[in-house]
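Please show me how to read a few features of a structure, one at a time.

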Amino acid sequence: HEITERFQPAQDMAERYVLEELEIEDVLPYVKDWRKLPIYGTERVDLIHSCLENGLEELHRRALVLECLRLHDSYFRLHWLCPEPEDGKGEKGSSISSSSSTYRSAISCAGWNRSVIS
């Protein structure tokens with residue numbers, strides 16, 4: 001799968017996680033290695049976002065979990081996750097300059113258990 005093709009070692013584990021064949025606990029042993037990988041580029045970000053646009057919400061969510069586990073914020077700098085506040089005020093669609101703010105927002109918005117990804 002193109003989303004996980006550079007996840008070495010254990011690319012197959014990352015792919016199986018994204019495809020809902022494994023749970024997060026199964027990929028956690030590889031996270032430290034994945035954090036060292038130079039995986040950048042807008043093509044990958046666009047591919048992850050296209051999952052959402054094509055109705056593949058769970059694939060999108062799991063790909064974002066991998067991004068958070070890797071501590072990379074490229075996706076979140078381009079695509080805001082939270083819906084616009086009802087009062088019309090907020091940061092929807094804006095670029096986020098603080099990585100820690102990005103992760104807190106992503107974790108909060110997606111409802112992920114913070115203890116799992118720290």
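**Reading burial and helix packing**

A: Thr4 is buried, at a relative accessible area of 1%; buried means under 20%, exposed over 50% and partly exposed in between, with a 1.4 Å probe and protein chains only. This is a predicted model, in which local features need pLDDT of at least 70, side-chain atom pairs count only at pLDDT 80 or more, and totals for chains, interfaces and linings use all residues. Residues are numbered from 1 along each chain as its sequence is written, and side-chain values use heavy atoms, with hydrogens and water left out.

Q: Where is Thr4 placed, and which residues is Thr4 in contact with, leaving aside neighbours within four places in sequence?

A: Contact means heavy atoms within 4.5 Å. Thr4 sits in the segment before α1; helices are DSSP runs (H or I, at least four residues) numbered from the N terminus. Apart from neighbours within four places in sequence, Thr4 touches Gln11, Ala14, Glu15, Val18 and Leu66.

Q: How are two packed helices described?

A: By the angle between their axes and the distance between the axes. Axes are lines fitted to C-alpha atoms, for helices over the stretch in contact, and angles between N-to-C directions run from 0 to 180 degrees. Here the axes of α1 (residues 11-18) and α5 (residues 57-70) come within 8 Å and cross at roughly 140°. The two helices, α1 and α5, are therefore oblique to each other; under 35 degrees counts as roughly parallel, over 145 as roughly antiparallel, 65 to 115 as roughly perpendicular and the rest as oblique.

Q: Which residues of α1 and α5 meet?

A: Ala14, Tyr17 and Val18 of α1 meet Leu59, Arg62, Ala63, Val65 and Leu66 of α5.
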